[in-house]
Amino acid sequence: MMQRPSPSISTRKQPKQARATEPVAAILQAAAQVLASEGAQRFTTTRVAEKAGVSVGSLYQYFPNKAALLFRLQSDEWRQTTELLCCILENVELSPLDRMRTLVHAFIHSECEEAAVRGALNDAAPLYRDAPEAEATRAMAYRSVEAFMRETLPDAPDPVRTLAGELIIKTLTAVGADFSEKQRTAGEIEAYSEALADMFCAYLGSLGHPG
């Protein structure tokens with residue numbers, strides 16, 4: 001049985017001049033607003049075009065379909081999260097456990113701040129989650145975590161480090177999504193982040209980190 005190809009999620013063209021980036025920025029801003037207010041099920045290119053003040057034809061010059069537009073929003077969010085992760089984990093001025101604690105706090109705060117759009121993007125994930133672009137973006141984050149684990153647990157076997165990295169990333173992602181489903185106070189976010197960081201740091205200590 002032949003597998004149906006995934007729809008293209010690449011932009012039709014990349015703006016090369018500053019003036020040309022303005023409609024793209026307006027479309028992306030409108031898309032985020034429509035997604036947050038309407039949800040993934042009611043998200044359409046027509047609604048986005050109306051919100052951005054452009055024609056549907058103009059929108060299609062840059063985004064060939066709804067999946068491409070949603071993936072651009074998701075990939076921008078992934079890139080920002082990955083850059084945040086890498087910046088923290090590669091900051092050698094902090095000890096590994098301090099980096100882990102900083103990462104947890106930053107990630108949970110980010111999840112709560114952008115919960116509406118992120119939740120809708122998760123609902124739309126079947127449109128693009130198996131695309132090569134999505135897999136490449138996820139791989140970037142795992143490479144940073146692997147490097148961090150090699151530094152943090154230098155004497156641990158490779159399978160142990162790999163498992164630790166996967167457990168931390170998957171747990172952080174899952175509990176962050178669950179926690180951010182409700183409106184949270186600053187105190188709740190701080191307490192939750194600190195407790196989660198304590199768990200991860202204790203786990204790394206059990207695997208041989210001397211901190």
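Student: In which helix is Asp158 found?
Tutor: A word on the model first: it is predicted, local features need pLDDT of at least 70, side-chain atom pairs count only at pLDDT 80 or more, and totals for chains, interfaces and linings use all residues. Residues are numbered from 1 along each chain as its sequence is written, and side-chain values use heavy atoms, with hydrogens and water left out. Helices here are DSSP runs of H or I with at least four residues, strands are runs of E with at least two, and both are numbered from the N terminus. On that numbering, Asp158 is found in helix H8.

Student: Is Asp158 buried, partly exposed or exposed?
Tutor: Buried means under 20% relative accessible area, exposed means over 50%, and partly exposed lies in between (1.4 Å probe, protein chains only). The relative accessible area of Asp158 is 49%, so this residue counts as partly exposed.

Student: How far apart in space are Asp158 and Glu146, C-alpha to C-alpha?
Tutor: Along the sequence, Asp158 and Glu146 are 12 residues apart. In space, the C-alpha distance between them is 9.5 Å.

Student: How many helices does the chain have?
Tutor: Reading from the N terminus, the elements run α-α-α-α-α-α-α-α-α. There are 0 strands, and the number of helices is 9.

Student: What share of the chain's residues counts as buried?
Tutor: The chain has 211 residues. The share of them that counts as buried is 38%.

Student: Among contacts between residues at least 6 apart in sequence, what share joins residues at least 24 apart?
Tutor: Contact means heavy atoms within 4.5 Å. Among the chain's contacts between residues at least 6 apart, the share joining residues at least 24 apart is 73%.

Student: How are H4 and H5 oriented to each other, parallel or antiparallel?
Tutor: Axes are lines fitted to C-alpha atoms, for helices over the stretch in contact, and angles run from 0 to 180 degrees between N-to-C directions. Angles under 35 degrees count as roughly parallel, over 145 as roughly antiparallel, 65 to 115 as roughly perpendicular, and the rest as oblique. The axes of H4 (residues 66-89) and H5 (residues 96-113) come within 9 Å and cross at roughly 160°. That makes the pair roughly antiparallel.

Student: How do the residues of the H4 and H5 contact divide by class?
Tutor: H4 brings Thr81, Leu84, Leu85, Ile88 and Leu89, while H5 brings Arg99, Thr102, Leu103, Ala106 and Phe107. Ala, Val, Leu, Ile, Met, Phe, Trp, Tyr, Cys and Pro count as nonpolar, Asp, Glu, Lys and Arg as charged, and the others, Gly among them, as polar. The division is 7 nonpolar, 2 polar and 1 charged.

Student: What is the handedness of the crossing of H5 and H9?
Tutor: The axes of H5 and H9 (residues 186-206) come within 9 Å and cross at roughly 145°. A crossing is left-handed if the near helix is turned anticlockwise from the far one by less than a right angle, and right-handed if clockwise. The crossing of H5 and H9 is right-handed.

Student: Which residues does Ser193 contact, leaving aside neighbours within four places in sequence?
Tutor: Ser193 is found in helix H9, and its relative accessible area of 0% makes it buried. Beyond those neighbours, Ser193 is in contact with Val104, His105, Ile108 and His109.

Student: How do the residues of the H8 and H9 contact divide by class?
Tutor: The axes of H8 and H9 come within 12 Å and cross at roughly 165°, so the two helices are roughly antiparallel to each other. Residues of H8 including Leu163, Ile168 and Phe179 meet residues of H9 including Glu188, Phe200 and Leu204. The division is 13 nonpolar, 1 polar and 1 charged.

Student: Which residues touch the most other members of the largest nonpolar core?
Tutor: A nonpolar core is a set of buried Ala, Val, Leu, Ile, Met, Phe, Trp, Tyr and Cys residues joined through side-chain atoms within 4.5 Å. Of the 26 residues in the largest one, those touching the most other members are Met100, Val104, Ile108 and Met149.
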